[in-house]
Amino acid sequence: MRIYILILASIIILTGCSGDSSPNTPEVGNLTLDFNNLIGDNNLTLNSRVYTNNSDETYEVSELKYIISNIVLTSATGASHTIPVEDSYFVINQDGATTATLSDIPVGNYTGIRFGVGVDPTKYPIESGTLNFIPTAEEAGMLWTWSAGYKFIKFEGIYTTTTDEDEPNTFLYHVGSHGATLDNYKEVELSISKEITSTATASQTINFDVAKIFDSINTLSLEEKSDIQVDPENAPKIAENVQTAFSIQ
Amino acid sequence: MLLKLQKTYKQHLVYSKLKYLFYIFIFLSIGCSSDNNSSSDDEGYTPIPNPELTFEIPSNFPETTYDLSQNPPTERGFELGKKLFYDGQLASDGVVSCGFCHIQSFAFTHHTHITSHGVDGKIGERNAQPLHNLAFMQDFTWDGATTFLDSQPIIPLTAEKEMNETISNVLSKLENDPNYPEMFANAFGSEGVTAERMFKALSQFMVLMVSANSKFDKWQRGESVTFTDDEEAGRILFDTNCASCHAGSLQTDQSYRNNGLPADPEFMDNGREKVTGLPEDSFKFKVPSLRNIEITFPYMHDGRLATLEDVLDFYSDGVEDSETLDPILRQTDGSLGIPLTSDEKNQLIAFLKTLTDNDFLLDNRFAEF
């Protein structure tokens with residue numbers, strides 16, 4: 001009888017404490033999201049390669065950055081794991097870090113990922129943790145200091161048009177939300193097939209097709225407008241295009 | 001007898017099982033709780049008592065817009081916020097603190113110059129706004145550039161013509177300061193000088209700046225005050241001519257409007273259009289609260305009007321037409337502005353002075369020294 005009780009007790013102890021996810025019960029793993037900025041099939045090369053958009057304008061890119069946030073992983077069973085707010089904001093920078101490392105993910109098979117491009121105005125900065133992203137965004141030049149708001153996408157370079165091939169002009173797209181009047185935050189949902197284990201950090205490549213910034217749902221011509229910042233007509237078009245630019249290999 | 005013995009034996013068995021379960025329970029409790037203890041021990045910081053401060057909504061006020069449950073003001077959070085507010089270290093020159101342009105005796109606005117000064121004697125483009133009743137405001141600054149009080153300080157901290165700093169640099173100064181790390185820990189219950197904590201502490205200090213004890217407030221609440229004849233005449237004039245924009249207890253409807261102030265060619269400040277990008281918002285600015293208006297001179301977003309008389313003269317005779325001029329300033333006869341006689345202006349000014357809240361201006365909790 002006592003033996004049974006001890007066995008029962010052991011079971012209680014083991015199951016009781018395992019919920020704490022203490023370090024001696026390994027049941028979580030890490031996942032690195034590797035953002036791969038492409039034009040066509042090739043990696044984006046800054047400052048040296050010349051690309052052409054659908055408006056027959058040739059361009060070089062000097063800077064490409066965007067904010068990834070509010071990451072949620074979904075499993076085949078329909079369960080989801082939300083990365084805590086304070087660990088869920090990243091600046092992806094073609095000239096710097098293009099990865100986002102997520103930790104403490106429950107082990108298992110995941111079939112979907114959802115993330116935001118930009119900063120969700122309903123969470124910022126109400127929810128704890130979001131204000132700590134400010135220094136990171138600031139260092140990356142992703143803050144509009146005059147408005148205390150974020151640039152969600154920063155895309156800059158030079159371009160020439162077919163009519164004036166000799167004269168390169170600069171272009172600049174800075175897209176964010178406009179106070180409380182216009183929300184340009186977008187969410188992206190992709191299918192993945194990824195096993196998270198406690199023994200090795202998994203890696204997931206997410207492609208970002210840079211050409212789609214100009215040409216996707218909407219077509220943007222640099223000759224028509226090369227400086228788009230707080231622009232209630234064009235900024236939402238860029239945000240919509242960017243939302244379509246992510247894919248899984 | 002046998003039956004009784006059997007029963008006793010069974011009872012004994014049950015007790016012994018229960019005893020085991022009891023020990024197991026104790027073991028479980030210790031086993032699981034020790035995890036929690038060890039994690040707080042690791043931080044090497046023992047929180048000290050930090051009582052929450054009460055925030056009372058005055059009975060003549062609307063609900064707060066600031067979510068106090070997300071950042072409840074505490075004694076030590078408020079203390080930290082106050083130190084930050086008055087600390088020149090937050091600026092690149094080590095001098096220009098928040099309190100430099102927001103002076104309590106002038107309802108936390110800036111005097112002696114038209115637009116406000118920043119580091120290295122740089123001059124801004126706008127007149128610092130008074131700070132009061134911020135917990136009730138929908139958005140902040142003259143053009144509504146930020147919707148959250150917690151993020152508002154980013155603007156003055158980083159603006160080149162104001163405090164000209166970076167948030168990262170401010171944080172590193174605070175981390176290396178002999179007092180701040182401990183103050184941050186005491187305010188938030190664990191070690192860590194973070195951006196979030198800095199902004200939340202500033203908000204804790206600022207949300208408690210409630211101005212609700214002027215003669216006007218007491219009149220609104222039906223307390224025993226009587227307006228003089230001029231004040232009462234002014235109040236009636238105010239209700240018909242001004243209160244559609246300067247509405248309610250907060251003395252603002254928090255909308256953005258073009259009041260017909262001619263654009264200053266030096267700044268060409270297009271106001272709200274900067275935030276929304278919409279041409280229809282051109283030259284619109286937030287309707288300012290008129291609380292403590294007697295002592296928050298100079299007036300208008302660029303501080304171009306020095307006295308209340310100048311302001312009323314502007315509304316009666318100086319309103320300039322433009323595409324975005326607020327329709328409320330177009331009279332049915334085609335004239336612009338608000339027609340007022342000089343007697344009416346005097347009565348209005350008498351009423352406006354009932355909005356001065358000396359209890360707030362002299363409240364020692366907010367005083368720098």
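Predicted model: local features only at pLDDT ≥ 70, side-chain atom pairs only at ≥ 80, totals over all residues.

Trainee: Is B:Lys161 buried, partly exposed or exposed?
Mentor: Buried means under 20% relative accessible area, exposed over 50%, and partly exposed in between, with a 1.4 Å probe and protein chains only. The relative accessibility of B:Lys161 is 36%. B:Lys161 therefore counts as partly exposed.

Trainee: With which residue does the side chain of B:Lys161 meet in a salt bridge?
Mentor: A salt bridge is a side-chain nitrogen of Lys or Arg within 4 Å of a carboxyl oxygen of Asp or Glu. For B:Lys161 the N to O distance is 2.8 Å. The partner is B:Glu125.

Trainee: How many residues apart in sequence are the parts that this pair ties together?
Mentor: Helices are DSSP runs of H or I with at least four residues, strands are runs of E with at least two, and both are numbered from the N terminus. B:Lys161 lies in the loop between helix H4 (154–158) and helix H5 (167–175) of chain B, and B:Glu125 in the loop between helix H3 (98–101) and H4 of chain B, so the parts tied together are 36 residues apart.
B:Glu125 has a relative accessible area of 32%, so B:Glu125 is partly exposed.

Trainee: Which residues are linked with B:Arg126 in a network of salt bridges?
Mentor: Over all chains, the rule gives 25 salt bridges. The network that holds B:Arg126 also links B:Asp143, B:Asp269 and B:Lys274.

Trainee: Are A:Lys65 and A:Glu63 buried or exposed?
Mentor: The side chains of A:Lys65 and A:Glu63 meet in a salt bridge at 2.8 Å, N to O. Both residues of this pair are buried.

Trainee: At what angle do helix H2 and helix H7 of chain B pack?
Mentor: Axes are lines fitted to C-alpha atoms, for helices over the stretch in contact, and angles run from 0 to 180 degrees between N-to-C directions. H2 spans residues 75–85 and H7 residues 195–207, with the axes 7 Å apart. Angles of 65 to 115 degrees count as roughly perpendicular, and H2(B) and H7(B) are therefore placed in that class. The angle is about 95°.

Trainee: Which helix do the buried residues of H11(B) pack against?
Mentor: Helix H11 covers residues 308–318 of chain B, and its buried residues include B:Leu308, B:Val311 and B:Phe314. These buried residues pack against helix H12 (342–352) of chain B.

Trainee: How far apart in space are A:Asn70 and A:Asp120?
Mentor: A:Asn70 is found in strand E4 (residues 58–75) of chain A, and its relative accessibility of 9% means that A:Asn70 counts as buried. Contact means heavy atoms within 4.5 Å, and A:Asp120 is one of the residues in contact with A:Asn70. The two are 50 residues apart in sequence, and their C-alpha to C-alpha distance is 8.0 Å.

Technical notes. Residues numbered from 1 in each chain as written. Chains lettered and ligands numbered in written order. Heavy atoms only, no water. Parallel < 35°, antiparallel > 145°, perpendicular 65-115°, else oblique. Lists of a residue's contacts leave out its neighbours within four places in sequence.
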